[in-house]
Amino acid sequence: MIAALVAAGTAGTVLIELGAVLLLLAVLGRLADRIGVPSIPLYLLAGLAVGEGGIHPLEASQDFIAVGSDIGVVLLLVMLGLEYSSAELFGGLRTNGLAGVVDLVANVTPGLVAGLLLGWSPLTAVLLGGVTYVSSSGIVARLLEEFGRVGNRETPVVLSILVMEDLAMAVYLPIVAGLLIGDGPVESAVSVGVALLVVVVVIVASMRFGPQITRAVDTESAELLLLTVLGLTLLIAGLAEEIQVSSAVGAFLVGVSLSGRVAEQGRELLRPLRDVFAGIFFVFFGLQVDPGRLAPAAAPALALVVVTAATKFGTGWWAARRAGIGVRGRARAATVLLPRGEFSIVIAGLGVAAGQTSDLGSITACYVLALAVLGPLATRFAGAIGDALDRPPKGVSAAA
Amino acid sequence: MEVFETALPGIGVRHEFVTRAGTRIGVITRRDGRRELVVYDRRDPDSCRDIVELSAEESAGMVELLGGSRVTERLGDLRHDVEGLSIQWITIPAAGGLAGRTIEDGQIRGRTGATIVALIRGERSIPGPGPDQVLEPGDVVLLMGTDAAVEAAERLLEG
């Protein structure tokens with residue numbers, strides 16, 4: 001890697017550029033906090049600014065940022081796997097399966113249809129369907145905490161939809177990764193088959209041997225635990241990539257396999273690393289998008305924003321009503337699910353990395369920029385939306 | 001009093017019930033052991049009017065204040081009420097098992113499903129011991145769960 005860095009520029013310029021990028025992210029993160037929006041859209045903008053055709057294109061550190069961005073995807077996915085235990089993932093399958101299917105159908109379809117209407121290949125259209133499907137569990141979790149809704153009775157509904165999306169990703173990612181890699185229909189079918197087989201084997205093994213795996217990894221020292229978990233994750237992710245299953249899937253499976261104290265501590269230890277490298281990943285995604293392509297991408301992206309905000313709102317509303325939640329609670333559940341973020345970008349990133357030449361990158365950038373900002377805004381006003389939809393009982397004024 | 005348990009994937013677990021006076025209250029147990037006491041809004045029963053964050057220590061204090069140390073007196077009634085509930089006193093051995101280690105180390109609940117509801121150390125009783133509670137040789141531990149869970153936990157504790 002050192003050789004690669006030196007080849008790309010002097011070590012000094014690499015450090016300077018990298019430091020400047022991280023500082024830029026820090027400033028933007030503070031700004032996002034101040035104005036109350038998630039940091040992802042601002043990180044994307046930073047990427048656009050330092051990319052080809054941006055305000056100040058990076059020269060020396062592109063290679064490093066590319067590697068950093070790969071690590072970012074791996075860490076995002078391992079954290080996603082660590083977030084839920086396999087019991088949590090599969091425990092709700094029976095009760096929440098239907099909500100998961102409705103969510104999938106209602107929110108994949110718009111992206112899929114839009115891709116086909118734009119004249120893209122079916123595979124790229126499926127990727128766009130993935131982009132419009134997944135809510136940002138990172139942003140949703142922050143919003144639930146921020147607005148003090150963790151104890152609310154609609155929150156389990158929201159969480160169960162996020163869990164189902166996670167589970168769907170475990171199937172979706174290997175399929176698209178297999179399709180992106182395979183050349184002909186036979187090869188694609190083989191690589192998809194292998195990928196799905198690996199996923200099933202790992203999930204079954206982790207449910208059976210989870211405690212044993214966890215015990216083997218466990219250690220008293222935080223430093224050793226971090227090294228073990230991080231090393232294991234990168235190794236498995238790399239191996240998965242080598243056998244054409246996609247590093248993202250490998251990392252996700254490592255996360256699912258670990259449980260108990262190791263998962264608990266792993267989350268704590270990996271979080272800061274994930275934040276750094278995920279930031280680099282968003283920048284890298286942004287810098288691959290040609291800012292000149294943003295303007296033509298804006299119209300289809302905004303149409304998708306309108307349609308998929310409505311479908312996601314409908315999904316949340318329906319799921320909450322089904323669980324016996326009142327109108328105000330339904331409005332909160334429906335709006336909090338709107339933001340799309342990190343995983344939409346991960347999915348589009350798979351396509352961009354595989355050399356999809358369409359506007360997938362630029363449309364996704366516009367789309368995430370809009371929904372990552374508008375979603376949180378909408379849920380901030382969920383109370384007002386709920387009041388408007390629910391006539392207040394007699395004698396109780398809205399101001400009370 | 002009927003307590004409802006709801007899993008909060010990625011966060012922890014929530015227990016809730018409605019008091020006789022009609023207030024719905026709940027306790028959220030985070031995965032890291034922090035507790036939150038939530039009081040639901042009467043006008044919008046799905047949302048919380050108040051959230052009280054409690055550290056592990058504060059939760060234990062709260063339990064004392066609410067009379068949790070009488071827990072052992074109630075056990076007889078409880079066993080009567082819940083069919084299939086097994087309650088067992090276990091003495092921590094001088095060495096081996098979980099002697100000298102914390103409850104968290106043993107992951108009793110995660111691995112067996114049984115719960116340590118209280119700990120008696122000499123004259124002192126420790127109701128609802130936290131995960132970082134160290135088990136000392138001679139401690140008497142009160143276990144609760146299904147027959148199989150308690151049996152498995154017994155093996156873990158005694159080594």
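**Entry 1: Asp275(A) and other salt bridges**

I looked up Asp275(A) in this predicted model and found that its relative accessibility is 42%, so it counts as partly exposed. Its side chain meets that of Arg274(A) in a salt bridge, with an N to O distance of 3.0 Å.

I then turned to Asp359(A), which forms a salt bridge with Arg293(A); the closest N and O atoms are 2.6 Å apart. I noted that Asp359(A) sits in the loop between helix 16 (342-353) and helix 17 (360-380) of chain A, while Arg293(A) sits in the loop between helix 13 (260-288) and helix 14 (294-322) of chain A, so this pair ties together parts that are 66 residues apart in sequence. Arg293(A) has a relative accessibility of 36% and therefore counts as partly exposed. I also recorded one network, in which salt bridges that share partners join Arg153(A), Arg14(B), Glu16(B), Arg24(B) and Asp46(B).

Asp33(A) belongs to helix 2 (residues 11-35) and Arg142(A) to helix 8 (residues 137-146), both of chain A, so the contact ties together parts that are 109 residues apart in sequence. I listed Asp33(A) as exposed, at 56% relative accessibility, and Arg142(A) as partly exposed, at 47%.

**Entry 2: nonpolar cores**

I examined the largest nonpolar core, which has 120 residues; Leu77(A) and Leu173(A) touch the most other members. Helix 9 (residues 155-181) of chain A supplies the largest share of this core, 13 residues. Beyond its neighbours within four places in sequence, Leu173(A) contacts Leu77(A), Ala248(A), Val249(A), Ile347(A) and Leu350(A). Apart from this core I found another, of 17 residues, including Ala99(B), Ile116(B), Leu135(B) and Ala149(B).

**Entry 3: a nonpolar surface patch**

On the surface I located a nonpolar patch formed by Val186(A), Val190(A), Val194(A) and Ile243(A), with about 350 Å² of accessible area together. I placed Ile243(A) in the loop between helix 11 (222-242) and helix 12 (247-257) of chain A. Its relative accessible area is 47%, so Ile243(A) is partly exposed.

**Entry 4: Thr102(B)**

I found Thr102(B) in the loop between strand 6 (86-91) and helix 3 (103-106) of chain B. Its relative accessibility is 16%, so Thr102(B) counts as buried. A polar atom of the Thr102(B) side chain lies 3.1 Å from the backbone nitrogen of Asp105(B). Not counting residues up to four places away in sequence, I listed Pro131(B), Asp132(B), Gln133(B) and Val134(B) as touched by Thr102(B).

How values were computed: Residues numbered from 1 in each chain as written. Chains lettered and ligands numbered in written order. Predicted model: local features only at pLDDT ≥ 70, side-chain atom pairs only at ≥ 80, totals over all residues. Heavy atoms only, no water. Core = buried A, V, L, I, M, F, W, Y, C linked by side-chain atoms within 4.5 Å. Buried < 20%, exposed > 50% of the residue type's maximum accessible area, 1.4 Å probe, protein only. Helix = DSSP H or I, 4+ residues; strand = E, 2+ residues; numbered from the N terminus. Contact = heavy atoms within 4.5 Å. Patch = residues over 30% accessible without salt bridge, like charges linked within 9 Å, V, L, I, M, F, W, Y side chains within 5 Å. Areas by Shrake-Rupley, 256 points an atom, 1.4 Å probe, with all protein chains shown as cover. Salt bridge = Lys/Arg side-chain N within 4 Å of Asp/Glu carboxyl O. Polar contact = N/O pair within 3.5 Å; in protein donor to acceptor, adjacent residues only side chain to side chain.
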